[in-house]
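I record what I looked up, in the order in which I looked.

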Amino acid sequence: MNEPSSPRFGVFASLYLSFYSVEFYRDVANSWSGKIMTLTMVLCLINAVDLCSRTYIHFQKGLLADVAIISKSLPELQVRNGKLMSIHPDSRNTINNPGSPGSLLVIDTSKRELARKDCNTKYLLSEDQLLVFDSNNKTEQPKEWSLKTFAVDWDLTGQQLPALAATIALACTGLLFLAIVCIMPLILLANALAIGGLVKLFRSERSLWESVRLSIASTEPAIIVGAILDPICAWSGVADAVPDAIARVLGLVYLVVAFRNTAASSGAGSAPKQKQ
């Protein structure tokens, strides 16, 4: 068997060649036996930065924006043995959201059962749990966090809250980055193997690994465009489903184009076509 030909194009050149060059996709199919793994990691890093930036923007426009309002009026909170303590056990503290008909936070340490309709708020802090309601869907069940999760006693003031919220946002974003970098390569390779297997069934002259390499390379335009659109849409308030749908359609188009416009090689050692 002949040795595979040397790649003509580099990984970083692929960042723009993948949008328009048929020769690039032919080179990937014929010559990128080892280099495709490098491209896979680069794509995973781009995707991780994309999703993490989108997530942090949502934190900024959601949690961090709410915290900036709450911190101005938040009374000192004391949690002891998983329960919120109050000097006045039957009192209720309400923090309003300027420009909104409902309140932003209600703190109620009384023993009675609390209901959303009773206070019309986004955040409800009771004696032993925090409830977060979806302001766009009032019928949806709230997300619940138990204060008993925290094994230590702690105190919190309004001045400390912004720093705590920013730390939580950064920690969540960092964990998301690590998760994507670890899991995304497996997802890309699994999808590429599935597509390569299907192509092999219908076009037996193309090797499985050629199809896998083409499948991974054809996702590059969609991932790059998504990395550009996602932060813009998140910041402007456009639903995440919009850039996601654009990226999926673009990925499908380039997948079809890559397979239809690259001739199947006669073997692993086929030389790429020379420019005329």
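**Buried aromatic residues**

I began with Phe 24, which counts as buried because its relative accessibility is 0%; buried means under 20% relative accessible area, with a 1.4 Å probe and protein chains only. I note that the model is predicted, that local features need pLDDT of at least 70 and side-chain atom pairs pLDDT 80 or more, while totals for chains, interfaces and linings use all residues. Residues are numbered from 1 along each chain as its sequence is written, and side-chain values use heavy atoms, without hydrogens and water.

I then checked Tyr 25, which counts as buried because its relative accessibility is 4%.

**Aromatic pairs**

I found four aromatic pairs in the structure (ring centres of Phe, Tyr or the six-membered ring of Trp within 6.5 Å; edge-to-face if the planes are over 60 degrees apart). Phe 24 and Tyr 25 form an edge-to-face pair, at 5.1 Å centre to centre with 65° between the planes. Ring pairs link Phe 9, Phe 24, Tyr 25 and Trp 32 into a cluster.

**Cores**

I looked up the largest nonpolar core, which has 30 residues (buried Ala, Val, Leu, Ile, Met, Phe, Trp, Tyr and Cys joined through side-chain atoms within 4.5 Å). Phe 24, Tyr 25, Trp 32 and Leu 39 have the most contacts inside this core. A second, separate core of 18 residues includes Leu 64, Leu 77, Leu 84 and Leu 105.

**Around Trp 32**

I listed residues that Trp 32 touches (heavy atoms within 4.5 Å), leaving out those up to four places away in sequence; among them are Pro 7, Phe 9, Leu 39 and Arg 213.

Technical notes. Buried < 20%, exposed > 50% of the residue type's maximum accessible area, 1.4 Å probe, protein only. Phe/Tyr/Trp six-rings, centres within 6.5 Å; stacked < 30°, edge-to-face > 60°.
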